[in-house]
Amino acid sequence: MWRCLTLYLVVSASAASDYYQRRAVLIEKSQNRSIGADLVLNADERKVNRLLMQLKHREFDAGFKDPEKFLPLRHFFLARDNITRSGVFKLIRQMPKGASLHSHDLGLVSDAYVFHNLTFRKNLWAKPDPEGRYTFRFSRTVPDDDGWEEVDALRRSDPSFDARLRAQLTLVVPDPFTAYSDIDVIWRVFEGVFRSVGSLLAFRPAFEDYFYRALEELHEDNVKYLEFRGLLPEVYDLDGRVYTPEEVLGLYDATATRFKRAHPDFVGVRFIYAPSRRVNASVVADYVALYERLHAGKYSKFLAGFDLVGQEDLGRTLLDFVPQLLTLGNRTKFFFHAGETDWSYEPSDLNLYDAVLLNATRIGHGYAILKHPELLRIVKERAIAIEVAPISNQVLKLVDDVRNHPANFLVANGYPVVIACDDPGLWGARGLSFDFYVAFMGLSGREGDLRLLKRLAINSIEYSSLDERRKRYAMKRWRQEWDQFVAGVIRSSETE
Ligand SMILES: [Zn+2]
């Protein structure tokens, strides 16, 4: 009997050890398919990786014990301050993140800047709509139409004015679950904030200062190149001059040039013309004609491509505008928002098919793409980057717990992904670091490491619209910054 038992133990020990080995191999095989797995870290990077992973594991393990503590599963408004104290976040802040490829003209800058630096300017007038939301106008005298009041006077006469105004410049509220019951509710407020902020930015000095500030916030966050979407709204000055869309593009270009002169390590800016999709086909034909003019004009180098914006579930689809979009054909790059929805096989979700058929260079959000295996295949084959904006998707109510975000699949399977911030100014984020943090913690599991972060930064340059020469230059700059970052982290860990 003893012999039997011993044999059993020997056999089961060796079977178990074989099992454990097969298990480890299987896990490793899966991990080898994820974004960044193709990179081999050098000795210094491995040191940084060890530090990073210690910090990540600490946060993960605390969260596994007590989910309340795990920040990506909490709403960003409620988790934000804790994120700023996270060791992982602090490291990500320092990291050169390359490029920001998906954000919008009116959501780039924090609401604190908008409130403190734009609403205290002279000659500012405000008019409430029936729901009390303000539109603004700068003018030396009272604007012609009725209902305007000087902001200075409103401030003096109403002690609650500033609090009300401040709340109109952001989506952040103490209880987002009560305030925003569904996606349509939050999109209505979202578009309202855009209207208020947009009316402030229609004034040329505010427009230029805001954009300059946007570049400062990115630069401080170690992002050195920007591709952003914009509406090219009307801009005016106090002398009554109204700037044409081409001149507005020129204002962006001139501001970016001024910023680059003051910050020689900044690589640059390009613009994606992205007007509203909630229009009819003849308006889209006008957009296309304008795009053609801009493309043939003075600032063609500054222009990266074309997109349409607005809530997809309620807006018109790409399919509605195929004839107009086809006329742009191969002369432009498309960066369509598509599949920013929880619905499947509804028109908003089917936008993904049109984005792919229209040859999009990148896809904004592509949140619904998992439900379309054929599109997944094409996206990977043609390296159409998916611009993943996890905080935006949470705030705008596509997902609550980021661990359930579909980009987990894209990250685990090595799809072409870039991390995007969308409208950080509207939800208390800044630059790209918050989205990088949420992606690193919420989209990659416990073992996603420095290789993932490094690949995401490299992707942001590789999938940018820069030509090959500029791309090589941006990459060279980024590599230098990366080496400095690695050396800096090691130095400070040794002096601690
Ligand atoms: Zn967007």
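Which residues does Y437 touch, not counting residues up to four places away in sequence? I looked this up and found I83, S86, V88, F89 and I92. I took touching as contact, meaning that the C-beta atoms of two residues, placed from the backbone, lie within 7 Å.

**Ground rules.** I am working on a predicted model, where local features need pLDDT of at least 70, side-chain atom pairs count only at pLDDT 80 or more, and totals for chains, interfaces and linings use all residues. Residues are numbered from 1 along each chain as its sequence is written. My helices (H or I, at least four residues) and strands (E, at least two) are DSSP runs, numbered from the N terminus.

**Core.** Next I looked up the largest nonpolar core, which has 131 residues. Y437 is among the members that touch the most others, along with Y273, F336, I386, V388, V417 and F440. Such a core is a set of buried Ala, Val, Leu, Ile, Met, Phe, Trp, Tyr and Cys residues joined through C-beta atoms within 7 Å. I call a residue buried if 20 or more other C-beta atoms lie within 10 Å of its own, exposed if 12 or fewer, and partly exposed in between, with C-beta atoms placed from the backbone.

**Helix α2.** I checked the length of α2, residues 43–65. At 1.5 Å a residue its 23 residues should span 33 Å, and the end C-alpha atoms are 33 Å apart, so the two agree. The expected span is 1.5 Å times one less than the number of residues. E45, V48, L52 and K56 are buried in this helix. I noted the spacing: an α-helix has 3.6 residues a turn, so residues three or four places apart point the same way. The buried residues of α2 pack against α4 (87–94), α19 (450–462) and α20 (468–495).

**α2 against α4.** The two helices pack at an angle of about 140 degrees, with their axes 8 Å apart. The axes are lines fitted to C-alpha atoms, for helices over the stretch in contact, and angles run from 0 to 180 degrees between N-to-C directions. The pair is therefore oblique; under 35 degrees would count as roughly parallel, over 145 as roughly antiparallel, and 65 to 115 as roughly perpendicular. On the α2 side I listed L52, L55, K56 and E59, which meet G87, V88 and L91 of α4.

**E59.** This residue of α2 is partly exposed, because 19 other C-beta atoms lie within 10 Å. Leaving aside neighbours within four places in sequence, E59 is in contact with S86, V88 and M441.

**Strands.** Strand β2 (residues 124–128) runs antiparallel to β3 (residues 134–138), joined by 5 bridges. I count strands as paired if DSSP finds at least two bridges between them. The bridge partner of W125 in β3 is R137, and in β4 W125 stands opposite E150. β2 and β3 form a hairpin with 5 residues between them, where G132 has a positive phi of about 90 degrees.

I then followed an open sheet of 4 strands, in the order β10-β11-β12-β13 with parallel pairing. β10 (337–338) and β13 are the edge strands, each pairing on one side only. α19 packs on this sheet, touching β12 and β13, and its direction makes about 100 degrees with that of β13.

L232 is buried, with 23 other C-beta atoms within 10 Å, and D422 is buried with 28.
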